[in-house]
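Hi,

Here is the structure I promised to pass on. My notes on it follow below; I hope they are handy.

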Amino acid sequence: MCRTVDLRQAILARNDGSAGELRAALAARGTVAVNLLSSPGSGKTALLEAELGLARRRGVPVAALTADLATENDALRLARSGALVKQVLTDGLCHLEAEMLAGHLAGWLPDDTRLLFVENVGNLVCPASYDLGESLRVALASVTEGEDKPLKYPTAFGLANLVLVTKADLAAAAEFDETAFRENVARVNPGVEVVLTSARTGRNVGVLLERALAVLDGAEPHRPVMSVDHGPGHHHGPGEHRGEAEHQHGHGHGHAEHQQGHGHAEHDHAPAVVRDPS
Amino acid sequence: MHEMSIAAAVVEQVDRAAREHGAQGVARVRLRVGELAGVVPQALDFCFELACAGTLLEGAALQAESVAARARCTPCAVEWAVGMPPDLGCPSCAGGSVELLSGRELQILDVEWAERPGVQADQKG
């Protein structure tokens with residue numbers, strides 16, 4: 001009797017499968033998802049608020065989903081831009097997963113949404129491993145965080161299609177070494193674009209929106225070296241993991257219990273808040 | 001710490017395979033974990049034990065084989081160990097044709113069944 005069985009299954013196959021399905025579903029309706037990764041306090045929300053406001057003024061239908069362990073503060077800030085915003089509370093979970101995101105989008109995201117910004121949980125470790133079905137992944141770091149951040153969190157920066165430096169107005173005070181930062185990014189992700197931004201002064205605000213719109217128009221985002229090889233077992237033939245996608249698992253994300261915010265939040269719409277009982 | 005989610009995914013997949021094979025229990029699960037997979041083996045070990053509790057995998061041993069990250073620049077015909085923190089720039093050119101050969105693996109390699117739950121393999125002392 002053979003007591004050992006080769007499985008050769010990618011551990012994240014289930015998430016990757018869900019992410020692929022979500023990406024295809026979004027593409028079919030003309031929506032591009034942008035996944036924003038950074039550490040807590042890096043200024044993701046301030047920059048995103050500015051970008052959403054710009055999108056609204058230009059008449060681009062945008063929506064934002066922001067994930068935090070607790071509080072709806074970020075959604076309230078983002079909603080000031082006038083964009084449709086949903087807060088997801090992960091109740092301690094350190095990252096979003098594709099299936100979770102798909103559940104939160106169902107019944108909430110208007111059909112005409114062109115860009116969906118997903119502000120991941122503030123964490124540079126865990127969210128890096130989870131494809132959310134995005135077409136543009138952005139890693140952000142503020143000038144106060146140190147030039148070696150890309151080396152300390154190589155998967156977050158190594159898998160990004162775009163790197164944004166925030167709080168550039170504080171660069172001198174923080175003695176931010178831009179050259180060193182760029183070298184460190186290039187080491188983990190050769191060829192990726194690095195843009196210095198400041199939500200306070202408005203420097204390069206709009207670049208994120210432009211890059212996202214370019215992807216929407218069919219531009220091919222930068223392909224990180226690290227993203228190419230997911231290791232054997234990742235590229236199984238279609239159908240091999242399909243059964244898993246249908247399978248119930250222990251996470252039990254209770255989606256759909258709060259489906260609100262239909263249509264665009266034209267005015268000061270209160271953001272939807274959903275607790276993810278993971 | 002996403003190792004708990006990773007451990008739960010391993011348990012889910014192995015549990016399903018065990019049922020498909022009619023196995024009563026699991027003695028050992030072998031994983032391949034790349035240097036750039038973003039997973040801490042010690043944390044995974046800890047979470048695996050918790051995730052196994054009350055399942056067919058209870059008592060199963062976890063063995064993680066680490067895989068070194070290697071990259072290649074095809075035009076230069078150069079191959080190198082990426083290291084940690086990784087260096088993915090070609091050492092001999094500034095070109096952008098670098099390919100990652102290994103290092104992102106996060107895979108269940110194989111599983112050894114046990115006669116019943118809670119019996120570990122290789123408990124010879």
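This is a predicted model: local features need pLDDT of at least 70, side-chain atom pairs count only at pLDDT 80 or more; totals for chains, interfaces and linings use all residues.

Residues are numbered from 1 along each chain as its sequence is written, while chains are lettered from A and ligands numbered from 1 in the order in which they are written.

Helices (H or I, at least four residues) and strands (E, at least two) are DSSP runs, numbered from the N terminus. Helix 7 spans residues 178–188, and Phe181(A), Asn184(A), Val185(A) and Val188(A) are buried there (20 or more other C-beta atoms, placed from the backbone, within 10 Å of a residue's own). Seen down the axis of helix 7 of chain A, these residues fall within an arc of 100°, so they line one face of the helix (the arc is that of the directions from the helix axis to the C-beta atoms).

Between the chains, 36 residues of chain A and 35 residues of chain B take part in the contact (C-beta atoms, placed from the backbone, within 7 Å). Strand 1 of chain A gives the largest share of chain A's side, seven residues. Strand 1 of chain A also runs antiparallel to strand 6 (residues 106–114) of chain B, joined by five bridges (strands pair if DSSP finds at least two bridges between them). Gln9(A) has Ile108(B) as its bridge partner in that strand.

Best wishes

How values were computed:
A residue is buried if 20 or more other C-beta atoms lie within 10 Å of its own, exposed if 12 or fewer, and partly exposed in between; C-beta atoms are placed from the backbone. Two residues are in contact if their C-beta atoms, placed from the backbone, lie within 7 Å.
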